[in-house]
Amino acid sequence: MSTRERRVFLLDFEKPLAELEARIQQIRDLASENGVDVSEQIQQLEARADQLRQEIFSSLSPIQRLQLARHPRRPSTLDYIQGITDEWVELHGDRRGSDDPALVGGIARVAGIPVVILGHQKGRDTKDNVLRNFGMASPGGYRKAMRLMEHADRFGMPIFTFIDTPGAWAGVEAEHLGQGEAIAYNLREMFRLDVPIICTVIGEGGSGGALGIGVGDRLLILENAVYTVATPEACAAILWKDAGKAPQAAEALKITSSDLKNLGIIDQILPEPVGGAHSHPLKASETLKAALLENLDELQQMTSQQRRELRYEKFRRMGMFMEVSA
């Protein structure tokens, strides 16, 4: 990514670090022009930059993690597919006249293992986002996903799903085409599949749109990804009639990976490079691939009946609570 691109997509909490890095580069350029040795000063400033980077990214608030999850340069489903697969063939269409570009899928080999991979796909720029509908899948997208999952089940191929959507498409046409039915059908059928299913939240996991491909034996999440019943902006608008209170809503919703792990929703948190997955996509892909293979190996030791039973029990436990008298 060019310096210009980094500047365009700079988040507010990254500005102190960006200013320090710009200062380091400026000193380097001046030293090079004048033939002055400033290696010691550069080393000190770089050490300070590393320390500042650690301080910033180790203490992010929920709303700041949401901003990272939505970062325009964050690796997408297709980026991770490119990073973890040996071979990849994208498959199209739901066999009912639709091929939704907001949800992609196909057959791949990961470490030589045949698998089916599918996930939400956001765009890189405005034009691409319009084409991909900002990662908000239509009923046809969820039906395409189900077709591919049934294909995987028929041929005994494990399923990897990558979740990255603010929610399912909520347009009038989506309702006419049966959005609720398409998602509900996927939820029911994913509980019945015999093959291992590993779902990973790679960015923004929003509401029923995430659940439509989110029923699995294992649910993983990248460190700075979020998983929520509604966006903080929508929650704030509903509760306080003020979308500006999104930071408060993000705190209350418990959307971060650590909160979700504590609540028993998530099985494993995958660490990201300092600065977010977009700062080192290759390293993020390596981490994801290792986690997928490790979890797949464990799941393949079980029978299909054991996996189905554990899958069902896992989701039945979600949302349980205990009332405590004051």
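How much area do domain 1 and domain 2 bury between them? Hi everyone, let's work towards that together. One thing to keep in mind first: this is a predicted model.

Start with the layout. The chain splits into domain 1, covering 12-58, and domain 2, covering 65-317. If you take the centres of domain 1 and domain 2 over C-alpha atoms, they lie 37 Å apart.

Now for the opening question: about 520 Å² is buried between domain 1 and domain 2, with 60% of it on carbon and sulfur atoms. On the domain 1 side, the residues giving up the most area to domain 2 are Phe 13, Glu 14 and Phe 57, which together make up 71% of what that side buries. In terms of contacts, 5 residues of domain 1 meet 6 residues of domain 2.

So what kinds of residues does domain 1 bring to this interface? The side touching domain 2 has 2 nonpolar, 1 polar and 2 charged residues. Across the interface, the rule finds 0 salt bridges, and it also finds 0 residue pairs in polar contact, counting pairs with both at pLDDT 80 or more.

In soluble globular proteins, nonpolar side chains tend to be buried together. Here, the largest nonpolar core holds 54 residues, and Ile 117, Phe 160, Phe 162 and Tyr 227 touch the most other members. There is also a second, separate core of 15 residues, including Leu 17, Val 38, Ile 56 and Leu 68.

Finally, have a look at Phe 160: leaving out residues up to four places away in sequence, its partners include Val 110, Ile 117, Ile 198 and Leu 296.

Key
Residues are numbered from 1 along each chain as its sequence is written. This is a predicted model: local features need pLDDT of at least 70, side-chain atom pairs count only at pLDDT 80 or more; totals for chains, interfaces and linings use all residues. Side-chain values use heavy atoms; hydrogens and water are left out. A nonpolar core is a set of buried Ala, Val, Leu, Ile, Met, Phe, Trp, Tyr and Cys residues joined through side-chain atoms within 4.5 Å. Buried means under 20% relative accessible area, exposed over 50%, partly exposed in between (1.4 Å probe, protein chains only). Contact means heavy atoms within 4.5 Å. Domain bounds come from an automatic or database domain assignment. Buried area is the accessible area (1.4 Å probe) that two parts lose on being put together, summed over both. A salt bridge is a side-chain nitrogen of Lys or Arg within 4 Å of a carboxyl oxygen of Asp or Glu. A polar contact is a pair of N or O atoms within 3.5 Å; within protein, one must be able to donate a hydrogen and the other to accept it, and residues adjacent in sequence count only if both atoms are side-chain atoms. Ala, Val, Leu, Ile, Met, Phe, Trp, Tyr, Cys and Pro count as nonpolar, Asp, Glu, Lys and Arg as charged, and the others, Gly among them, as polar.
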